[in-house]
Amino acid sequence: MAGPSKTTIIYNNAAAYDEMMGAWSQLLGSQFINWLNPAINKKWIDIGCGTGAFTEQIFNKCAPTNIIGIDPSKEQIEFATNRFSSNNLDFKIGDAMSLPFDKKYFDFATMALVLFFVPDPLTGVKEMVRVVKPGGSISAYVWDVYGGGLPVEVVHFGLREMNIDYPIPPSAEVSKMANLNELWSTAGLKEIESRKIIAHRTFSNFDELWKISLKSPALQPVLNRINTNKLTKLKLIVKENLVTDTDGTVTYAAHSNAIKGIV
């Protein structure tokens, strides 16, 4: 039976990605920041900032003295830069496994929905530790890939039913809670805590959910390969596995595993 395969996923359409994932990121991000309960007026780095959706939440909720968002995608950084601006904010192209910053520079380092894209997650976490001051915070949250937490899990279910392969992040194993805890422990972090965060997103109708889900960069290559009849069948399977409210709205839940620790 076909199923997931680990592969590189390319994010070259920032606007489509933001419409599909930005809202999900902020639904999770609000809860995540509340759980971190961070002090204000601190220095932050948001690694894998993408379109800046979570960076904006940090900026608005935490009043940072300085916040830097980095991402390897030029298109994403351009989108984030146009999203909002401040003298306390900067977006840069950068690599999570080789952060272009000195030791002990930040108070908070975080990754939102990114760690399972890092080729070597331990190296990525150690880089966060390197650039954060003693007593600072290292945190992340990732979709629970193997626990059915992805926002497109209902589409993945349909693809599995139709025996069609689909991609998942290359380091997907790190999304398991036990593996996150082991990673933070191996990196030498203290006071480690982890939790599950659930987000509910309501769409005005099924067609809106379907249209937005199809903007997933991971799904687009898969759906481009199948013919119209198969796409119609997939859409029907997805619709049959969702609950439509009496007013036509569809509410869908996704969840992530989150972790934090102190340097």
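The expected span of a helix is 1.5 Å times one less than its number of residues. The model is predicted. In this model, the 13 residues of α9 should span 18 Å, and the end C-alpha atoms of α9 are 18 Å apart, which agrees.

**Helix α9**

Helix α9 runs over residues 228–240. Its start is capped: a side-chain oxygen of N227 sits 3.2 Å from the backbone nitrogen of N229, at the N-terminal end of α9.

Which residues of α9 are buried? They are L234, I237 and V238. Down the helix axis, the buried residues of α9 fall within an arc of 100°, so they line one face. In general, an α-helix has 3.6 residues a turn, so residues three or four places apart point the same way. The cover over the buried residues of α9 includes α5 (153–161), α7 and α8 (220–225). The face turned away from the buried side carries T228, N229, T232 and E240, which are exposed.

**Salt bridges**

The whole structure holds seven salt bridges.

| Pair | N to O distance | Relative accessible area |
|---|---|---|
| K133 and D107 | 3.4 Å | K133 30%, D107 14% |
| E173 and K176 | 3.1 Å | E173 32%, K176 33% |
| D207 and K235 | 3.6 Å | D207 47%, K235 30% |

D207 lies in helix α7 (residues 206–213) and K235 in α9, 28 residues apart, and the pair links distant parts of the chain. D207 is partly exposed, and K235 also counts as partly exposed.

K133 and D107 meet through their side chains. K133 belongs to strand β6 (residues 132–143) and D107 to strand β5 (residues 106–112), so the pair ties together parts that are 26 residues apart in sequence. Here K133 is partly exposed, whereas D107 is buried.

E173 bridges to K176. E173 is partly exposed, and K176 counts as partly exposed.

**Nonpolar core**

The largest nonpolar core has 85 residues. M111, L115, V125, I138, W143 and W184 have the most contacts inside this core. Helix α1 (residues 14–36) supplies the largest share, nine residues.

What does W143 touch, beyond residues up to four places away in sequence? Its contacts include M21, W24 and L28. L113, F116, G149, L150 and P151 are also among them.

Notes:
Residues are numbered from 1 along each chain as its sequence is written. This is a predicted model: local features need pLDDT of at least 70, side-chain atom pairs count only at pLDDT 80 or more; totals for chains, interfaces and linings use all residues. Side-chain values use heavy atoms; hydrogens and water are left out. A nonpolar core is a set of buried Ala, Val, Leu, Ile, Met, Phe, Trp, Tyr and Cys residues joined through side-chain atoms within 4.5 Å. Buried means under 20% relative accessible area, exposed over 50%, partly exposed in between (1.4 Å probe, protein chains only). Helices (H or I, at least four residues) and strands (E, at least two) are DSSP runs, numbered from the N terminus. Contact means heavy atoms within 4.5 Å. A salt bridge is a side-chain nitrogen of Lys or Arg within 4 Å of a carboxyl oxygen of Asp or Glu. The arc is that of the directions from the helix axis to the C-beta atoms. A polar contact is a pair of N or O atoms within 3.5 Å; within protein, one must be able to donate a hydrogen and the other to accept it, and residues adjacent in sequence count only if both atoms are side-chain atoms.
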